Structure formats: structure tokens, C-alpha cells
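Please open the structure in your viewer and keep a selection tool at hand. The tour below moves from one selection to the next and says what is found at each stop.

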Amino acid sequence: MTQSYVSKIDRRTTLKWLTAGLSAPGLISACSPSQPADAPTPVLGDPKPITGIPYGSDPDLLEALVTWERTMTSQQIQLVAALGDALLPQTDDLPAASTVGVPDFIDEWISSPYEQTQSDRQAFFALFEWLERETLSDAGTSFAAASIDQQSALLDRFAWKDRIEPGLEQQADAFDQFRNLAVSAYFASEQGSYWLGYRGNRPSAGDYAGPTDEALSHLNDALQTLGLQMPQGL
Amino acid sequence: MATEHDHDVLVIGSGAGGGMAAYVLAQAGIKVHMLEAGRDYDPVAETAMFDENRDAPLLGAPTPDKEFGYYNATIDGGWDIDGEPYTTGETTTFQWWRTRMLGGRTNHWARNSFRMGEYDFKPQSRDGLGYDWPMSYEDLAPWYDRTEALIGVYGVNSGLANHPDSGAGVLQPPPKARVPELFAAAAAADIGIPCVPARRAILTRDKGDGRSPCFWATDCGRGCNIGAAFQTTTSLLPWARSTGNLTVTTDAMVYEITTGDDGNANGVRYIDKRSGEHKFVGARVVVLAASAGESARILLNSNAKDSGGLANASGQVGRNLMDTVGSGITGQIPALENRPRYNEDGAMGMHVYIPFWLYEEQAAGQLDFPRSYHFEVYSQFNPPGLGTAAGLDGYGHGLREDARRYYGSFIHFAQRGEMIPNPNCYAEIDTETKDKFGIPVLKFHYKHSDHEFAQVAHAQQATIELIERMGGTVTESVKAPQNAIAAGGVIIHETGTARMGKSAADSVTNSYGQCWDVPNLFILDGAIFSSKAHKNPTLTILALAMRGADHLANEMKRGSL
């Protein structure tokens, strides 16, 4: 990573007026700082506290709004961009994770005032700190500025489910959930969705077209291999 | 107590039962007033049809605010509603899905619409367990036809045992099967298991009633602003209102049905949620259709001087609580990897399903469980979002290729089975707990029996056989049936809490939903089920409500009510 990550413009607008005027006692009491009191000073800086509110049981579905602000530090964002791009790097015909806004989504996720996402927040921040400290001590640089080889040397210690270095189980669990979220956000993007092959969400008149000839031909080959007959009347 | 009112019938609830009852009565020229606990809701104006997961907070993920995801058509509802708790017995896990919106749960349901069959109405006569309905399939068949023709159901007549055909011209053509559905059907046929077009309340033809046929896009669970996927808010309710005979009050939390000196119902008390005021509205006849749980709660909270509650001389109100037996197994099918892409949205839910196929073996004593189940088959190129990363490992270029390879290669078989009512499953009033309105809440007790566990075990074996015949592997280790079975309430088919029967001694209503003890009180929701067949209940609720309301209209015209 040589270029620093710049947040993407998003159709979903954080309601700053809402969070600014909000006291909402009790709603966010569970959102304690990410580090225990006796923890060392975080090398990635102190993230902002959670100040948003849940969007509630009757949000406006046509004007979807995120009712909380993102809270990660700029150093955390840079690390997330690098980690996301290690997961989903750029290719000749595909953007990297950071190009389609994955870091913003991770920030949105861990900044939201829900129990599950707060649990992810704790786990992710611990992973990010660990990655940063390890790269600083091994390579003398931040994770975001490290080379692909340097990043890989670290990730290979816990990124594969059957090859987790003993003692790094927490990092492996946090990475697995990070991977879930980053990959989901990537393929939910317009470019990711198309590359994956989703061709729906397009209305059409008349009867449902059903499988293409190409899709049926592929199915027919698969059925023949297994000694099955193409069903009729469906 | 004021008794003046310009309506004849009060209907409590606006979902499948209340919506159909109001429609039938309004069509018959009877003045109806409906009370709905939730807010007014208009799917035409409020449904986010084409918005992508990426347009929603957290990719539309389920949160405590919206437990089926951001865009799901459940408003002010879910497993938990702020300030409206329910409790459970010490050893019970039970979950209760509620909504607080006009149209109730019809706004988001799966639209799966299977008729109960001749066996399903006489379960006790067949195997000695449970309780017979006070009607036969033949009694309800014409009402199924009328209901299906009215709401619009796709499917075909497959001529299978205990899976009745519809009348000529009633069903609409089903959509073509998708590739994984054809694959599942091929494997099933090879094993000797039927796999036939599903039946769902989704229009595939224009009926000229103001709704449009499906345009093969958008998740029915969000609601449908073109009216293709049936929900009362785009059909029965506007149709009933157009007669001029239906008025609706929303945000009206009903807590009591009042009775006069003659024991007949004469109105209801509710809390106006906007003002907090307690209000009374009178009526000649009351139709209760607030959902199996909520209707039992209202009955048990009524008639306070008799601690047994209203219409409960039999002691059966709240008893016989049932939910569909549910379990599921997912397979990953290598032969489906990297298959050619095309639009698989279709009608979004299933196009084919597997009906129960072992009635003869069961009758011959070859099965170790009573009653039946079906499989709902789910596999398609889903809209990408959370879950698209399932099963991935590592990172880098290979990860992305894996994601593309696996996409559309998973198939889920959801077992949906019949549960036999037992004395351990019931709802009662929790005398210790009140909701934010001060209304005593329900306490649920629930315990499956070995019948259900044996059925799940059988379904698991059948699923594994299907997946293996497709050359696939089960994605997770298969749990013991006791752990694999969905907890009570989770399938959201709760029924039976005011069952119909032949006798006032052991049932709450007759076959029209008319209460034995209170003849001008009709219950027309899932509460009146005498048994809970494996068929999804909504179509039967609609048909029973149509039949019961028609009977009620006739009785009123004859002057006997």
C-alpha cells in the first residue's frame, strides 16, 4: 500500500444532526472503550466512542440512513484498507477491496450500536493492534506500508483454517469474521456483484424465462455424469 | 357503557384471518370495524423494491431492530418487541414473532400455500394421536378453491395422496424450475421421491383486480408494491374498504372482550397507543383474529371475574399450542460450481418442493414416526450480501475465485413437519408480568415429544441421501434431532390455542370458529386449528376465515345473530 485510503462518497448519509443533538441515555452504555484501562497505548490511536443510535424498528426503508458516525482512526482505516486489499487484491479486470469502499463498510459495522457488532469491534481492534505491532517489530513499518510479502508472512500464521499457529486462535477468529464482512461487502458492490455473476433484480414482463440453454446444457452434462435423468414438466 | 355504534361486526386483527373475515363480511353488505394493534401501513408507498443490500445500513444485516434484516416487511415487530415482553416456563425455549402493522405477518410471509388433505383433518382417527377436526377435507375444499381463486396461487395439480388437487382453472401456472431445483428433482426421482411445482400465493397472471403478476425480481419478504405476492394490505383490505363497509382503526391495542348480562360479547376495550387512552367500542358480533398467541391472550385476559377467561368453559384456551416441526440441512454440490449465470430471482422463493411420499409405508407400519413432513428446496444465485462468503478460507486471488466457484452451488432442504399436540405445550397468563400498557403477558410452555424427534431423524437421513445422490456433501456436521429441531415458535406457524371441535366439552369453537360459550364471538385465525399438518398454515387460515365469515354473514341475515 503506497496510496492512503480515502473514504468513498456513499448514498447512505450519516445523520450528523441526529448524533450531535443526542443524549439518549442508556442506549449506548454498553459501548465502552475498546481497550481495558491498563492496556498499553494503542499504536493505531484511540477510536472515537460510539455515539450513534439504533435505527429503530420502523426506519424509512426508501431513504435508508445510517444513524451512527464512523469511529475508526485514520491509522485503523489505513490498516483495514491494506488488510482488505490483501484479501481481495486488484487484478487486471477487478478492483481491489478498497476501491469499492470495503474499509468504510467495516468502519460502519464496528461503529454501530448493536451487541454483535460491538463484539466484532473488540475483536477487530485487538487484531488490528496485533498486526500493527508485529509489522512494526518485524519489518519496522506499519502494516499498511508493508510489502505484500511482509503482510503475507503475518497472515499465513492464522488466515488458513487448518494452519493456525498455536496461540493465535483469537486472531484467526477475528480474521475469519473480518473476511466474512469484507468479502460480503465486496461482492455486494456493483462491480463485485456483476463479477460474481448475479444477474437478478431486473423486472421482466411475461413468464419467468428460466434457465438459459447454456445453463441447461451444463446441467445436462452434470446429470449424465451422475447417471441422472433431466426431469420433465418442471 | 356506551353501546351505540354504526358497525355490526368488530374484527380484531388485520392479517390473514381478520383480512379475509372483513372482506367477506363487507362484501355481504355488513358494516365492519377493524382494530389493528400496529400502525397503518401501505406497501405500495413503503416497500423498497429494488434497493440493493448495499443501500441499507450494515448491508441489510439482521439487527435487534429488524431481526429479519433492514428491508423485511416487519414493522415494530420481531422476536422481541420493546416494552411488550412474553415469558417462558423454566425449561422452555419458545420464540414468538409478532408484528405491529396493518396486514400483520401477511406482509412478509413466504407465500407457501399448501392445502391440508383428507388425512390431515382426521389424524386421531388414523393413528389414535392428537385430535380430529370437526370437519372433513370435503367441507373445506370449496373454500380452498374460492380462496385460491381470490388471492391467486401458482402451482399444478399433482394428484398425490393427501395433497389435494385444486378445482379446474383455480391455480395459476407456476414459474419454470431453476437449475438447482431441476438437479434436486432429478436426484429425488432417482431415489423414488416426488419433486413437484410448489404452490405459492404469487400471481403469475393478471386477474384484473388491480394487482400485477410477478415480474420476477425483488424479495417477497420485503412486501410487494405491485401486489403480486399476496398480502392483505394490497388486496383484501383495500377491496373491503372499497365497498364502503369497512372502517379501520390502527394503533388500537385490544386487551379485553366485554360481555353483557346474557353472556354474549358486546364490545372490546383497547388502548389507543397514540394517546394512551383506554377506549371501548361496542359491537353486535366480535371476530377475533389477532394471531394464535394474541387471541388466546385476549380471551384469557377477558371475563376477569371468572379466572378461566372468556369462552373457556372447556379449559382449552391457550392449550394445544403447536408449531411446525422444522429442521434443515445444506449441501454443497461440486457439479453446480461455476455453472452458467442467468437471472435466478424468479418468484424469489421456491419454485419446486418435495411433498411427503411415504403414506403407504406409514400405513403399513414401516416408519418409526406418525404423520408427515415436506421439504422446501432453496437454492439460487442469491442477491449478494452477508452470507456470500460462506465456506471461504485464506485470502488473495484464490479466495475471490473460490467465492465465484461456490456461488449458487449450495442447496438447502428445509424440513417442515406435523407436530402432535401434547399437554406440555400451552400458553397461559403470566400473573407476575405486564407489558408497557399494563396488560398481563403470555407465558409459554413448550416441549417436543419423541414423535417429532423421530420425524426429524427420518428427514435428516432422506436429506443426506438426496445430497449424496447429487454428488454433494453436507456442509456442517448433522446434529442430533433433539438439537436440530427448531425451538417452538421459530417456524412462526403457532396454532391450536383455541381449537375447534365437535363438542363444547373439549373444544373452544365449532367448525365455523364460533365459540361454544359465546355464540356471537368468532375466532378466525390459527388459534382454531385442531391439529397442525405439515402444510404451512396461512392458506388454511384464509379458507377457514372465508368459510366462518360466510356462515356468520348468513346467520346475521337470518337474524339469528
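Helices (H or I, at least four residues) and strands (E, at least two) are taken as DSSP runs and numbered from the N terminus. The model is a predicted one, in which local features need pLDDT of at least 70 and side-chain atom pairs count only at pLDDT 80 or more, while totals for chains, interfaces and linings use all residues. Residues are numbered from 1 along each chain as its sequence is written, and chains are lettered from A and ligands numbered from 1 in the order in which they are written.

Begin by selecting Ile191(B), which lies in helix H6 (residues 179-191) of chain B. Ile191(B) counts as exposed because it has 12 C-beta neighbours inside 10 Å; a residue is called exposed if 12 or fewer other C-beta atoms, placed from the backbone, lie within 10 Å of its own, buried if 20 or more do, and partly exposed in between. Apart from neighbours within four places in sequence, Ile191(B) is in contact (C-beta atoms, placed from the backbone, within 7 Å) with Glu465(B), Leu466(B) and Arg469(B).

Next, select helix H1 (residues 16-27) of chain B, whose 12 residues reach 16 Å from first C-alpha to last, close to the 16 Å expected at 1.5 Å a residue, where the expected span is 1.5 Å times one less than the number of residues. H1(B) is largely enclosed by the rest of the structure, because 11 of its 12 residues are buried. Those buried residues, among them Met20(B), Tyr23(B) and Leu25(B), pack against several elements of chain B, including strand S1 (9-12), strand S2 (32-35) and helix H13 (538-558). Just after H1(B), look for Gly29(B), which takes a positive phi of about 85°.

Now show H13(B) together with H1(B). The residues of H1(B) that meet H13(B) include Ala16(B) and Val24(B), and those on the side of H13(B) include Ile541(B) and Asp550(B). The residues of this contact divide into 12 nonpolar, 2 polar and 1 charged, with Ala, Val, Leu, Ile, Met, Phe, Trp, Tyr, Cys and Pro counted as nonpolar, Asp, Glu, Lys and Arg as charged, and the others, Gly among them, as polar.

Finally, colour the two chains separately: 62 residues of chain A are in contact with 68 residues of chain B.
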